Amino acid sequence: QCRARFRVSFGGNIAIPTGGTVGPISLALAIDGEPVAATTMIVTPAAVEEYFNVSSSIFLDVPRGCCQRVSVQNVSDGAILVQNANLIIERVA
């Protein structure tokens with residue numbers, strides 16, 4: 001096996017900021033700047049500054065001698081607030 005396997009997990013609270021338009025908001029885990037569709041976390045607050053907890057995880061295989069950037073991206077149309085965010089990366093194999 002010429003790879004290392006990692007479990008990447010994200011959890012946090014998201015909301016629409018004051019002055020924003022009420023509607024669905026979403027985040028996704030991204031690998032090398034590209035959002036992974038299967039990790040999209042979507043909520044629809046009824047009002048601004050109404051926080052919802054979201055979480056997602058993915059297994060990531062990194063080839064030997066290589067690297068990958070992991071991030072969390074706002075894939076919503078507008079700005080969002082994020083609180084108590086945790087990005088955890090665990091090597092599993």
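## Briefing: an all-strand predicted model

Buried residues (under 20% relative accessible area, 1.4 Å probe, protein chains only) make up 32% of the 93 residues in the protein. This is a predicted model, in which local features need pLDDT of at least 70, side-chain atom pairs count only at pLDDT 80 or more, and totals for chains, interfaces and linings use all residues. Residues are numbered from 1 along each chain as its sequence is written, and side-chain values use heavy atoms, with hydrogens and water left out.

**Overall build**

- The protein has seven strands and zero helices. Both are DSSP runs numbered from the N terminus: strands are E, at least two residues, and helices are H or I, at least four.
- From the N terminus on, the order is β-β-β-β-β-β-β.
- The C-alpha trace spans about 50 × 20 × 15 Å along its principal axes.
- Of contacts (heavy atoms within 4.5 Å) between residues at least 6 apart in sequence, 73% join residues at least 24 apart.

**Nonpolar core**

- A nonpolar core is a set of buried Ala, Val, Leu, Ile, Met, Phe, Trp, Tyr and Cys residues joined through side-chain atoms within 4.5 Å.
- The largest such core holds 15 residues, and Phe10, Ile14, Ile25, Leu27 and Val54 have the most contacts inside it.
- Strands β1 (3–15), β2 (25–31), β4 (41–43) and β5 (52–63) each supply at least two of its residues. β2 gives the most, with four.
- In soluble globular proteins, nonpolar side chains tend to be buried together.
- Beyond its neighbours within four places in sequence, Ile14 contacts Ile25, Leu27, Val43, Glu50, Tyr51, Phe52, Val54, Ile80, Leu81 and Val82.

- Is Ser26 buried or exposed? Ser26 sits in strand β2 and is buried, because its relative accessible area is 9%.
- Leaving out neighbours within four places in sequence, Ser26 is in contact with Thr40, Met41, Ile42, Gln73, Asn74, Val75, Ser76 and Ile80.
- Ala93 lies in the segment after β7 (81–91). With a relative accessible area of 43%, Ala93 is partly exposed, a class that runs between the buried limit and exposed, over 50%.
- Not counting residues up to four places away in sequence, Ala93 touches Arg3, Ala4 and Arg5.
- Ala93 and Ala28 are 65 residues apart in sequence and 24 Å apart in space, C-alpha to C-alpha.

**Surface**

- The accessible surface (Shrake-Rupley method, 1.4 Å probe) comes to about 5600 Å², and 50% of this belongs to carbon and sulfur atoms.
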